[in-house]
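Q: I'd like to learn how to read a structure like this one, feature by feature. Can we walk through it together?

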Amino acid sequence: MQNYKPEYRNDYVSKVFNTREDADRAYNELAGRGYSQDDINVMMSDDTRKRHFSTDVDHDSALGDKVADNAGTGSLIGGGVGAVVGAIAAIGSNVLLPGLGLIVAGPLAAGLAGAGAGAATGGLIGALTGMGVPEEEATRYKEDIKDGGIYMGFKPRHEDDARDTYNKWYTNDSNNM
C-alpha cells in the first residue's frame with residue numbers, strides 16, 4: 001500500500017490510513033470538530049477489523065468503539081436485504097459485506113445496504129463516487145482497503161474543515177497522517 005495524495009476537494013475529504021493509530025488520531029480529530037459517528041465513513045476489511053479491533057485487542061478509542069459496535073452482530077448484506085438492514089445502517093451500525101469481507105460504518109453503510117449483495121462490488125465504488133470520490137480514486141481506495149488499510153472520509157461542513165483536515169491528513173513530512 002503506497003501513500004497516495006488525491007487532489008484537494010472541499011466537498012469530501014478521504015484517506016486510507018496504514019495504521020490503526022493514525023486512523024484513531026484522524027477519527028478523534030474529526031470528533032473534536034463536532035463530527036459524530038454518523039458523519040464519518042469508516043471502511044476496512046474484516047481481516048483488518050479482526051486484527052485491530054477484535055474483542056481480543058484493546059479498542060478503547062472512539063474509532064475502536066465505532067468499529068466494534070455490533071461487529072459480532074453486524075447487519076449482513078446477503079440474499080434478503082430488507083428494511084431492517086437499511087434501518088440499522090441508517091442509524092450508524094456496521095454493515096458486513098460477506099462476499100467482499102468488508103466492514104462499513106457511517107453514512108456509506110446505508111448506500112451499500114441498498115445496493116445488496118449482487119451489486120456489492122460495484123456498489124462499493126458507486127457508494128464512494130456518490131460521496132464525491134472520483135472513480136479512479138475510489139478504485140485505488142478499494143485496493144488499499146483489501147491490503148489492510150483503514151478508509152475514512154467525511155463531508156466537511158465548511159471550507160476551513162475541508163482544507164485543515166486535508167492538510168493534516170496529507171502532510172509531506174508524514175507517511176501516514
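Q: Where is Asp22 placed?
A: Asp22 sits in helix H1, where helices (H or I, at least four residues) and strands (E, at least two) are DSSP runs numbered from the N terminus. One caution before we go on: this is a predicted model, in which local features need pLDDT of at least 70, side-chain atom pairs count only at pLDDT 80 or more, and totals for chains, interfaces and linings use all residues. Residues are numbered from 1 along each chain as its sequence is written, and side-chain values use heavy atoms, with hydrogens and water left out.

Q: Is Asp22 buried or exposed?
A: Buried means under 20% relative accessible area, exposed means over 50%, and partly exposed is in between (1.4 Å probe, protein chains only). Asp22 has a relative accessible area of 4%, so it is buried. Asp22 is also 147 residues from Trp169 in sequence, with 9.2 Å between their C-alpha atoms.

Q: How do I describe two packed helices?
A: You give the angle between their axes and the distance between the axes. Axes here are lines fitted to C-alpha atoms, for helices over the stretch in contact, and angles run from 0 to 180 degrees between N-to-C directions. Take H1 (residues 20-32) and H8 (residues 159-169): their axes come within 12 Å and cross at roughly 165°. That makes H1 roughly antiparallel to H8; angles under 35 degrees count as roughly parallel, over 145 as roughly antiparallel, 65 to 115 as roughly perpendicular and the rest as oblique.

Q: Which residues make the contact between H1 and H8?
A: Contact means heavy atoms within 4.5 Å. H1 brings Ala26, Glu29 and Leu30, while H8 brings Asp164, Thr165, Lys168 and Trp169. Sorted by class, that contact has 3 nonpolar, 1 polar and 3 charged residues. For the classes, Ala, Val, Leu, Ile, Met, Phe, Trp, Tyr, Cys and Pro count as nonpolar, Asp, Glu, Lys and Arg as charged, and the others, Gly among them, as polar.

Q: What does Thr165 touch, not counting residues up to four places away in sequence?
A: Thr165, in helix H8, touches Val13, Leu30, Arg33 and Phe154 on that count. Thr165 counts as buried because its relative accessibility is 3%. Its side chain also reaches the backbone oxygen of Asp161 at 2.8 Å.

Q: Which side chain does Asp161 join in a polar contact?
A: A polar contact is a pair of N or O atoms within 3.5 Å; within protein, one must be able to donate a hydrogen and the other to accept it, and residues adjacent in sequence count only if both atoms are side-chain atoms. The side chain of Asp161 pairs with that of Tyr35 at 2.6 Å. Asp161 is in helix H8 too, and at 5% relative accessibility it counts as buried. Leaving out residues up to four places away in sequence, Asp161 touches Arg33, Tyr35, Phe154 and Pro156.

Q: Where is Gly149 found?
A: Look in the loop between helix H7 (135-146) and strand S6 (150-154). Gly149 is buried, at 0% relative accessible area. Gly149 and Arg20 are 129 residues apart in sequence, yet 8.6 Å apart from C-alpha to C-alpha.

Q: How many helices and strands does the chain have?
A: The chain has 8 helices and 6 strands. Of its 177 residues, 47% count as buried.
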